[in-house]
Amino acid sequence: MSKRKIFKNLTAFALCLCSVTAVSACGKVDESSSMASISSETKGVTMRVTVAEQPASLVTDAVKKYLSADADQLVTEFLPDGNYRDDQGVPVLLECDFTMPENSPAVKQVTAEFSFTEDFSVIEQTTVFRGKARKLRIYNLQTSGKTYFYRVTATLEDGNTVVETGTLQIAPSPRMLYLDGASNVRDIGGWKTQDGKTVKQGVLYRGSEIDGGKNKGHPDFCLTETGLEQLRALGIKTDFDLRSESVKVSEYSVLGEDVTRNFYDAAQYEVILLSNNAERTRRIFSDLANPAAYPAYLHCTHGVDRAGSTVLILQALLGVEKADLIREYELSAFYYNYRHVNRNTHTGGTVLNLLQGLEEYAGETLAEKTANFLLSIGVTQSEIDTLRGIFLE
């Protein structure tokens, strides 16, 4: 079995180099190094910003090993012993060293801004640290291989600022997010399609429930105030809730009254293909075909079965290869060593059975077969075209 190409490896063009591991184009782990170190001075206050690793890897070593392995190797071979949270993204670390002359104003806060444009005309993410923060841990950056421009601003007590800018390269990988009080959260984007396109990041996120509807009081299924801020920062407009409406804990989504929430009581695995589930599945994909719904968060209870099955169908429609569809599904196993989450076993069906059912539809490719399944349940060709337009770049 040949090595599966997971994500395209990009060459970091940083200011300097230091060691880091990254997923390469052939699925192997490359060893490269980079370090960016810049300093700025205002009124005698000097700030030196260092980026520890470029390209920065935002997934754990266990996840990297899994992504680099043969496509036929189960995720269970790469799960560490014990209870480990490898489902959460790893932060980028920026270090700020300050030189403060005697009697100089203290640092009130440090702000790190990230943009894909050098003039910072569009800010993708902002993180604020109170006081004279020395280590800035930046979570949830995109991992599609694009170059970030960063701007670090230290605001002094007297209102003056020390500002430094630089570039940051992120190693391509699945974008696994950290949300305080949620589990198994990741961007569905970043995967390559058979025709050479890429599923966009920053459009649709999948994960666990965030309101404790089925896991009341559980720290991993009910967002804290910090977690709510982190998810709201992604600009979420729609809460695609695959659970039954019977589990709702409030009239509105926990993300706010301005966020649209739809319940679907979704089916999972090959059961989705049964005729009695056609209407609820049609409704999901017709609603997903609304460009105004994004960015959006799609979830069930644990973010494994219903969310995993729905995302698999969507990504299959977009043209993601079968082996990568399986890998994306199996990434859910990295939440506290969920060994039951793999392609071969699960209660109520498996992703292999779902894929087999999709492949029975007419078409030359899995994408065509999936489109024909969706057409058979009432999703329109216009909606299918819109879905591809929303998600592919």
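Student: How much space lies in the largest pocket?

Tutor: About 480 Å³ of space lies in the largest pocket. Before going further, note that this is a predicted model, in which local features need pLDDT of at least 70 and side-chain atom pairs count only at pLDDT 80 or more, while totals for chains, interfaces and linings use all residues. Residues are numbered from 1 along each chain as its sequence is written, and side-chain values use heavy atoms, with hydrogens and water left out.

Student: And what counts as a pocket or a cavity?

Tutor: On a 1 Å grid over the protein atoms alone, a cavity is a set of points where a 1.4 Å probe fits but cannot get out, whereas a pocket is an open set with protein on both sides within 12 Å along at least five of seven lines; lining residues have an atom within 4 Å of a point. Grid points are joined across faces, edges and corners, and a volume is the space filled by probe spheres set on the points.

Student: Which residues are closest to the centre of the largest pocket?

Tutor: Of the 18 residues in its lining, Q125, T126, Y139, Q230 and A233 are the closest to the centre. Strand 7 (123-130), strand 8 (135-138) and helix 2 (225-232) are the elements that give two or more residues to this lining, and strand 7 has the largest share, with four residues. Helices (H or I, at least four residues) and strands (E, at least two) are DSSP runs, numbered from the N terminus.

Student: OK, and how many cavities are there?

Tutor: The count comes to three cavities of 30 Å³ or more, and about 50 Å³ of space lies in the largest cavity. Among the residues that line the largest cavity are L58, Y139, R175 and L177.

Student: What about F240 and Y264?

Tutor: Their ring centres are 6.2 Å apart and their planes at 20°, so the pair is stacked. F240 is buried, with a relative accessible area of 1%, and Y264 is buried as well, at 4%, where buried means under 20% relative accessible area, exposed over 50% and partly exposed in between (1.4 Å probe, protein chains only).

Student: Where does the charged end of R85 sit?

Tutor: The charged end of R85 sits over the ring of Y336, 5.3 Å from its centre, and Y336 forms one aromatic cluster with F221, Y335 and Y338. A charge sits over a ring if NZ of Lys or CZ of Arg is within 6 Å of the ring centre and within 35 degrees of the ring normal.

Notes: Phe/Tyr/Trp six-rings, centres within 6.5 Å; stacked < 30°, edge-to-face > 60°.
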